[in-house]
Amino acid sequence: MVKKSIYIVIVLCFTFLSCVKNSDFNDIVNGCIDDLEANATFEEVEALYIEETVQIKEDWIIEGYVISSDKAGNFFGVLHFQDHPTNPAHGFQIEIDLRDSHLFFEAGSRILIKLKGLYLGKSGEAFKLGGTFTAFGNISVGRLPVLKIPEHIFLLCNNADEVKPVLVDFENVEDLRTNTLVKFEKMEIVEEELGNSFAIAKEETERALENCVEKKIVIVNSGFSDFQKEILPEGNGTITGVLIKNGDELQLIVRDLEDINFTNDRCPEIITEFTSTAIFISELADPDNNTSARFVELYNSASEPLDLNKWILRRYTNDKTDISSTIDLSGFVINAESTLVISPNANEFELIYGFPPDLGVSTNSPADSNGDDNLELVDPFATVVDVFGIIGEDGSNTNHEFEDGRAVRNANILEGNPNYTFDEWIIHNDTGDAGTTNQPQNAPEDFTPGIRD
């Protein structure tokens, strides 16, 4: 009789709460039970799902810990819960047709779920429980009607342990399970988002976070939440929330603003742009037998890798003084005492030389010179670090012509030179003018891409 009375009270409360809009019900006391036990694991439940929504027929009960809350309106019609208060291995969500569910199942509550009759489905990697929803003949998990909630969700009187979020290391973030409570440290709103509110009114809104080494994750905010209009915090600190996944992207949902503690100074600016004379042009190729086997090779003579963020390679065609084409080298790193090979025809390059180039670009690019053009290597600060040829002078019949041939930097040259110096180069071509060697070169035997001669 006691249990039945509790059920009646809960049903009446659920019905009342589903009809009113005021969320201030501090005088309501939740009913709880202590005579029911779990007899199944989350893993056993997950095994019931085989590629489609299924109704659970097993008389199973699972135990979980509530990690979400709709108190601030950032969650709606759903309870997220995990299998252990600390270091969870599994997490589920149950769809419920109940407003202000935090008044009955506040974050940290220990609950039991009677599974028989519920539907089990999956959204991405997240397992969902609930009622049934049918659209165009397809069955999916829908919200559990309010009057059915007391038949399936039970609040335990004893919370055995405090629920603690898992501290996230970005190195193993992919190993974490969705629908679990996590905590990120040393995070901040990305600079371009600063000054915005948490969400656009009445729209689900994504905002980006990053740490001090620019590892990023998205937080998802409801346009109906109590803090929708609040301006995003400018500092750095910790953030706690429920981990979800949208496609391949991990995302975070906070329960309220108390989950965010950004009171520290923002990360110092990361400077990836630098200059160095250790990077220079080491080989240029215009094979006599195959123009599609052309390439440009850069070399790093330093004893450490160097990042080419915002470095540019320029081409000046023939006697042009205006830039004809460029290659943005951002995103590439040249290892210590190693090369970066750039080809205008990556497929042909691999067929001829037996390995793919580091960077494949288009024809008519700086890597596609016919031997009478001039090249500049420019650092992020617009300083010319190295040059081949003389800008404004057509290379034909000069000491910087490599038509049908090859220009290779002498092995004793260890840094770039912003002024073309013929003595730094060995040049073969089809003329032999101005001290060059009249000896056309054929690919692959006369070239050494990827190897510093």
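Partly exposed means a relative accessible area between the buried limit, under 20%, and the exposed limit, over 50%. Cys-212 has 31% relative accessibility, so this cysteine counts as partly exposed. The model in view is predicted.

Cys-212 has a partner. Cys-212 and Cys-267 form a disulfide, with 1.9 Å between their sulfur atoms. The torsion about the S-S bond is -80°, and the link of Cys-212 and Cys-267 is left-handed. Cys-212 sits in the loop between strand S12 (205-210) and strand S13 (216-221), and Cys-267 in the loop between strand S16 (260-264) and strand S17 (279-285), so the bond ties together parts 55 residues apart in sequence. Cys-267 has a relative accessible area of 14% and is therefore buried, as the cut-off is under 20%.

Now turn to the other pair. The structure holds two disulfides. Cys-32 and Cys-157 form a disulfide, and their sulfur atoms lie 2.1 Å apart. The torsion about the S-S bond of Cys-32 and Cys-157 is about 95°, so this disulfide is right-handed. The pair links distant parts of the chain, 125 residues apart. Cys-32 lies in the loop between helix H1 (2-19) and helix H2 (42-46). Cys-157 lies in the loop between strand S9 (153-155) and strand S10 (166-167).

How do these two cysteines stand in accessibility? Cys-32, at 29% relative accessibility, counts as partly exposed. Cys-157 is also partly exposed, with a relative accessible area of 41%.

Last comes the order of pairing. With bonded cysteines counted along the chain, the disulfides follow the pattern 1-2, 3-4.

Note on methods. Residues are numbered from 1 along each chain as its sequence is written. This is a predicted model: local features need pLDDT of at least 70, side-chain atom pairs count only at pLDDT 80 or more; totals for chains, interfaces and linings use all residues. Side-chain values use heavy atoms; hydrogens and water are left out. A disulfide is a pair of cysteine sulfur atoms within 2.5 Å. Helices (H or I, at least four residues) and strands (E, at least two) are DSSP runs, numbered from the N terminus. Buried means under 20% relative accessible area, exposed over 50%, partly exposed in between (1.4 Å probe, protein chains only).
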